[in-house]
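Please consider the following structure with attention to its aromatic contacts, its sheet and its helices.

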Amino acid sequence: MAEEKLPTRNENFSEWYNQLVLRAEMADYAPVRGCMVVRPYGWTLWENMQGELDRRLKETGHVNAAFPILIPLSFFEKEKEHVEGFAPELAVVTHGGGVKLEEPLAVRPTSETIIGFMYAKWIKSWRDLPVLINVWGSVLRWELRTKLFLRTAEFYWQEGHTAHATKDDALEEMYRILDIYADFAINEAAIPVIKGRKSETERFAGAQITTSIEGMMQDKRALQSATSHYFGQNFAKAFNIQYLDKNNTLQFCETTSWGLSTRMIGAIIMVHGDDQGLILPPRIAPIQAVIVPIYKNDAEKTKVMEIADRLFKELKLANIRVKMDDREEVTPGFKYNDWELRGVPLRIEIGPKDLEKGSVALARRDIPGREGKSFVPQTALASHITRLLTEIQSSMLARATTFRDANIHEPGNYDELKQIVQDGWAFAWWCESKDCEAKVKEDTKATIRNIPLDQPGGSGKCIVCGERADKKVYFAKAY
RNA sequence: CGGGGCGUGGCGCAGUCCGGCUAGCGCGCUUGCAUGGGGUGCAAGAGGUCGGAGGUUCAAAUCCUCUCGCCCCGACCA
């Protein structure tokens, strides 16, 4: 029954990641090129993430709705940059009901166009604004190269689309959402992300401003984990989203859109996992604690299971997502490895020795080996575990933050920058010229991840050309 | 689309260069007994027209031609 060992992170990060996803049964490859099957374990994680993000969105006045998956191809022509950006990635339906369609239909790669079309019908007056709609669904982009969760042809996400009366309102919305995403990433996924604005080169097709949260994976590459865009009146003009203001004057709306996808699952795996498998943040883990009962014979089994069942019920009552692993056909040792691979934050072992002492053995997933083990009394177990889960959550965030900060460096000159981005992030002054940005990309393959909102202030010299620079930015290789 | 690699029981592979008899191995699966606090042990068993088509040959997983599919690296990207 000896499962083959996982490849280690250092050996081959990419292979390590793939094996983790497949072996932990998060996802699998679909028969269609570049598509992914999200398996129940992975989907439960996503549902938990959805719950936490959806709550935040609803608390800030957003409502959910659904829009069609098929969009008339002509809709994409209406916004010049948008069509240029997405044309190469569109999948197009040409036939329906056995006959050739008069107008081909695009499978949505994102829904700005069809939502813009609908908003134009719905919005008439300043009283209708703002419109704050969110959509949970999936989209399809014909990616040339795919990787489970990080970039698949079809992926699951939420996309929010809002319309506002003024520029200030729309910008405020864009930043509000960025804050929600960052809060979600930090406090639910335990990923310390950096909020910032994208450079002109990197921004979304059709957007005037694109903001993102960027996280550092354990191979030190950056992952854009969510984006929030401000469109100005671009889409409003393309789709005639207009309203009459208080002075009875016709005005174009200001719109935004923003999205967070199952890519975040990939981020969680790449930020927290170790050579034993996944490590999932307790707040969103499908299973927060697993009970492994241990016994040698039926007499012991009866006694052990009695206690195990009682504790299981207690934990359930305390709203802990607990799982009883009462499989007969595998040994405890196998179960330990199995749940470690799946990233369950806490393991509870109950055996004959514990019966005598009235204790259980706990093992923290985030601290492998003896260090993470403790023996605690069965009494008040639920409250102890609740506390421990909170502690695991915060120590995961702390560890990821320490790792990130240890791998961000400030280059003193261009040569140093080239060195740094080979194995880390560089935080440096940039003059905001496209040429300097392009030069770095050409020389190193690193790009400007974002221009952080949190700026040191003052000014410096562009790390590339030496001219005056007002912004400091992160350069890194990205997924 | 360019470069590289691979298709052999459910999964992972060996065998291919140099053709040869009933195509092997590990894992998993089935059954039984033992075992059980860190990936259990032993025994027995089921399971494959070697990606597809054509050709060469007494004989093809192996050689030749064509074809289909997948993976990795690059260009594109949440």
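**Rings, sheet and helices**

In Arg347, the charged end is placed over the ring of Tyr336, at 4.0 Å from the ring centre. This contact, like everything described below, belongs to a predicted model.

The surroundings of this contact may be taken next. An open sheet is formed by 5 strands, in the order β16-β15-β17-β18-β19, and its pairing is mixed. The edges are β16 (322-324) and β19 (373-377), each of which pairs on one side only. On average, and with direction ignored, neighbouring strands of this sheet are turned by 25 degrees against each other. Helix α8 (residues 298-317) packs on the sheet, where it touches β15 (289-293), β16, β17 (346-350) and β18. The direction of α8 makes about 160 degrees with that of β16. Helix α9 (residues 332-341) lies across β15, β16 and β17 and runs at about 170 degrees to β15. As for the pairing of β18 (residues 359-364) with β19, the sense is antiparallel and there are 5 bridges. Ser359 stands opposite Pro377 in β19.

Aromatic pairs are a further topic. A pair of aromatic rings is described by the distance of the centres and the angle of the planes. The count of aromatic pairs comes to 14. In one of them, the ring centres of Phe75 and Phe239 are 6.0 Å apart and the planes stand at 65 degrees, so the pair is edge-to-face. Phe75 lies in the loop between β4 (70-72) and α3 (80-86), whereas Phe239 lies in helix α6 (residues 234-239), so the pair ties together parts that are 164 residues apart in sequence. Both partners are buried: the relative accessible area is 9% for Phe75 and 6% for Phe239.

For Phe204 and Phe231, the ring centres are 5.9 Å apart and the planes are at 50 degrees, so this pair is tilted. Because Phe204 is in the loop between β9 (194-197) and β10 (209-216) and Phe231 is in strand β11 (residues 222-232), the pair ties together parts that are 27 residues apart in sequence. Phe204 and Phe231 are buried. One aromatic cluster is formed by Phe75, Phe86, Phe117, Phe204, Phe231, Phe235 and Phe239. Lys78 lies over the face of Phe75, 5.3 Å from the ring centre.

Finally, helix α1 (residues 13-23) has buried residues, among them Phe13, Trp16, Tyr17 and Leu20. Their cover includes β1 (27-29) and α7 (263-272). After α1 comes Glu25, with a positive phi near 60 degrees.

Conventions. Residues numbered from 1 in each chain as written. Chains lettered and ligands numbered in written order. Predicted model: local features only at pLDDT ≥ 70, side-chain atom pairs only at ≥ 80, totals over all residues. Heavy atoms only, no water. Buried < 20%, exposed > 50% of the residue type's maximum accessible area, 1.4 Å probe, protein only. Helix = DSSP H or I, 4+ residues; strand = E, 2+ residues; numbered from the N terminus. Contact = heavy atoms within 4.5 Å. Pairing = 2+ DSSP bridges. Axes fitted to C-alpha atoms, helices over the stretch in contact; angles between N-to-C directions. Phe/Tyr/Trp six-rings, centres within 6.5 Å; stacked < 30°, edge-to-face > 60°. Lys NZ or Arg CZ within 6 Å of the ring centre and 35° of its normal.
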